[in-house]
Amino acid sequence: MVNRCDAVPSPVAYGRLLKHDEEDQMQRTEHYQTVVIGGGQAGLATGYFLKQHGREFVVLDSGKRIGDGWRGRWDSLRLYSPASRDGLPGMAFPAPRASYPTAGEMADYLEAYAAEHELPVRNGVTVTSLTREDDRYVVRANEACFVAEDVVVATGVFRRPRLPEFAGELDPGITQIHSSDYRNPSQLTDGPVLVVGASHSGSDIAYEAATAGHDVVLCGPDTGQLPAQVETRRGRFLFRVLFLVGTHVLTVDTPFGRRMRPHIRHGGGPLLRYRRKELAAAGVERVLARTCGVEAGRPLLDDGQALDVRNVIWCTGFRPDYSWMRLPFETGEDGYPEQYRGVIAGSPGLYVVGLPFQHSFASMLIGGMGRDAERVARHIATVPAPSGRSSERRTAPAGRQVAS
C-alpha cells in the first residue's frame with residue numbers, strides 16, 4: 001500500500017484523512033516547530049541550543065544508535081584534535097585533556113551527550129525527501145512524515161563516496177576499497193597496496209597497511225603537513241594556534257578566508273599524525289603523481305607509471321548529495337548549498353550546520369561547529385515563522401499529531 005502524507009491538513013483535508021483508517025494505522029504525521037535532520041555532532045549541538053531557546057523539535061538520525069557515524073569509521077582511527085577540543089557545548093569530553101580519543105570513544109560521547117541533555121533523538125529514521133508544502137516543510141522518512149516551520153540539515157559530508165569513473169576498469173583481481181568501507185588491514189589481499197589520496201586519512205591508512213607488512217604506495221599531490229607531530233606538546237600548541245586562526249582569520253568574512261575556502265574544501269587537509277618522516281620510516285613510498293586511468297587493468301599514474309598492485313584504497317573523499325532536498329535552493333560550484341551563517345537564502349526556515357568551512361575553517365572541527373549551531377538556533381528562535389501560524393501541537397486520532 002502506498003503511504004500518503006498531507007503536509008498541513010485543512011479541516012476538509014483532516015476529515016478526509018480520518019476516513020482512511022487502515023492507512024492511518026500505517027502512517028503517522030508529526031508536527032514540530034523545528035526538525036533537525038542528522039544526529040551527529042552538528043545535529044546534537046544544534047539541538048542543545050534549540051532546547052535552550054525553548055524550541056519544540058526532534059532530531060532524526062538514520063543510525064541504530066547515536067554515534068554510529070563514528071562507529072562506522074576504520075578501527076584504528078583517532079581524532080586529530082586533543083580531548084580538550086573535542087567536547088560539544090555544555091559537556092566536556094570525559095578524557096585527559098591531552099589525549100586523542102578513538103572513533104568509538106567519540107561515538108559513545110555523542111550518545112552520552114544526547115542522554116545528558118535529554119535531546120529528542122529518533123534513531124533508525126532514514127529521510128527520503130524534504131519538500132515545502134503550504135508554507136511548511138515536510139520531511140518524509142520511512143513510513144512517517146514530520147511537518148515543521150523550520151528544518152536544519154545536519155547530515156554531514158560523508159554522504160556519497162567519490163570514486164573516479166575508471167575505477168571499474170581495474171582488473172577484477174584487484175581489491176578495491178573506499179576509505180568509508182575500510183576497517184582494518186584484514187580486508188586487504190596479500191600483495192602491494194596503492195593508497196590514492198595523500199591527505200591525513202590517506203596517510204593514516206597507508207601507514208597502517210605498511211606496518212601490517214604490505215608494500216605501500218601513497219600517491220597524490222602534496223597537501224602539506226603539520227610542522228610537528230600532532231600528539232607532541234609542540235603539536236598541541238600548533239593546533240591551538242590553528243584553532244584560533246581558523247576561528248577568527250580563516251572565515252568567509254575575510255579576503256584570505258574566502259581565497260582559502262575552495263582549497264580547503266577540495267584540496268585535502270595536511271598530514272597530521274603520520275607525516276612524511278613517519279611514512280618513510282614505515283616503508284611507505286610517497287609518489288606525487290595522480291592516479292589518472294587504467295593500463296592493462298593496472299592503475300595508471302599521470303607520470304606514466306602503471307602500478308602492479310593487488311589492492312587499491314580510495315581515500316578520495318566524498319561528493320555532496322542533496323538530491324533528496326526537493327526545494328528551490330542554490331548550490332555553489334562545489335556542490336554545497338549557498339548559505340551564510342547556516343541560513344539558506346531563498347528558502348525561509350531552511351538551515352544547514354556541519355558543512356566544511358561553513359563560516360570558518362573551525363566549522364569542520366568538533367570544537368568549532370558549536371558556534372555555527374548556536375547562531376542557527378538563535379536565528380530560528382528570533383525570526384518569526386514564515387507561515388505566521390502557531391506551532392502548538394494537539395493529538396489526533398490514530399496517533400496523528402496535527403498543528404492548530
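I began with strand pairing: S2 and strand S3 (residues 121-122) run parallel, joined by 2 bridges. I take strands as DSSP runs of E of at least two residues and helices as runs of H or I of at least four, numbered from the N terminus; two strands pair if DSSP finds at least two bridges between them. Within this pairing, Val 59 sits opposite Val 121 of S3.

This is a predicted model, where local features need pLDDT of at least 70 and side-chain atom pairs pLDDT 80 or more, while totals for chains, interfaces and linings use all residues. Numbering starts from 1 along each chain as its sequence is written, and side-chain values use heavy atoms, without hydrogens and water.

Next I checked S1 (residues 28-37): 4 bridges join it to S2, also in parallel. Thr 34 has Phe 57 as its bridge partner in S2.

Are the side chains of S2 buried or exposed? Phe 57 and Val 59 on one side, and Val 58 and Leu 60 on the other, are all buried (under 20% relative accessible area; exposed is over 50%, partly exposed in between; 1.4 Å probe, protein chains only).

Then I looked up salt bridges (a Lys or Arg side-chain nitrogen within 4 Å of an Asp or Glu carboxyl oxygen) and got 17. Arg 122 pairs with Glu 30, closest N and O atoms 2.9 Å apart. That links strand S3 to strand S1, 92 residues apart. Glu 30 is buried at 7%, whereas Arg 122 is partly exposed at 23%.
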